[in-house]
Amino acid sequence: PAQPHALVYQDYSEMSLEIPALNEQIAILGVPKSGNGWDVRWLENQAGYLEGTAFPTWQGNSGLAGHANLADGSPGPFTNLGALKWGDQVIIHAWGQRYIYEVRQNSLVTPGEMDALRHEELAWVTLITCQGYDALDGEYRWRRIVRAVLVGHDPRVAADARDGAILARPAVDGDELAAGVA
């Protein structure tokens, strides 16, 4: 179906997600929360920041969803998420900088379980995808959850991963990283 205007994703062209162990680097889009959750049907080969969770790279817990399988049956960018292990890196490229996270948990949960998106005091990213498709009822039985904590920040201005443009990170009130304090 066509994507309704109320569910149009926010383009965060200055942000991308890299998972070196899976050889993945994809754009991050903002997915609006509606009703009881987020509609990620139109993500395709991109990651979706789940609005209402902490903004990526900020303190708290940022939810990022991605498809394990695309609508045409081909593998999606999160198809091998289950292979990630303790210490594997998850990197968010934003505003010409790299925010380096390390995996601390990889598990399966039921679709309604929301504990993985709980608030955190430190900066965490939670990667979420569907797993275990049941053709009989047309639903996925599980959600694959990978949680990673921020362990490093590379403040050097670097080329954007997708188009080579140099981007400066905007300052946000109270944002120590933008102020140059690490």
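Glu18 lies in strand S1, residues 10-19. The model is predicted.

User: Why is Glu18 said to have no salt bridge?
Analyst: The nearest side chain of opposite charge is Arg98, 4.5 Å away. A salt bridge needs a side-chain nitrogen of Lys or Arg within 4 Å of a carboxyl oxygen.

User: What makes the link between Glu18 and His93 a polar contact?
Analyst: Their side chains come to 2.6 Å. The cut-off is within 3.5 Å, so the pair qualifies. His93 is also among the residues that Glu18 touches, along with Gln89, Val90 and Ile91.

User: What makes Leu127 stand out in the largest nonpolar core?
Analyst: That core has 24 residues, and Leu127 is listed with Leu17 and Ile92 as having the most contacts inside it. Elements giving two or more residues to this core include S1, strand S7 (89-94) and strand S9 (123-134). A second, separate core has 8 residues, including Leu50, Ala65, Val109 and Ile128.

User: Why is strand S6 called largely enclosed?
Analyst: Buried means under 20% relative accessible area. In S6 (residues 60-65), 6 of the 6 residues are buried, so the rest of the structure largely encloses this strand.

User: How do you know that S6 pairs with S5 and with S9?
Analyst: Pairing takes at least two bridges. S5 and S6 have 2, in the antiparallel sense, with Gly48 opposite Ala65. S6 and S9 run parallel and share 6 bridges, with Asn61 opposite Trp124. Both pairs therefore meet the definition.

Methods: Residues numbered from 1 in each chain as written. Predicted model: local features only at pLDDT ≥ 70, side-chain atom pairs only at ≥ 80, totals over all residues. Heavy atoms only, no water. Helix = DSSP H or I, 4+ residues; strand = E, 2+ residues; numbered from the N terminus. Buried < 20%, exposed > 50% of the residue type's maximum accessible area, 1.4 Å probe, protein only. Lys, Arg positive; Asp, Glu negative; His and termini not counted. Polar contact = N/O pair within 3.5 Å; in protein donor to acceptor, adjacent residues only side chain to side chain. Contact = heavy atoms within 4.5 Å. Core = buried A, V, L, I, M, F, W, Y, C linked by side-chain atoms within 4.5 Å. Lists of a residue's contacts leave out its neighbours within four places in sequence.
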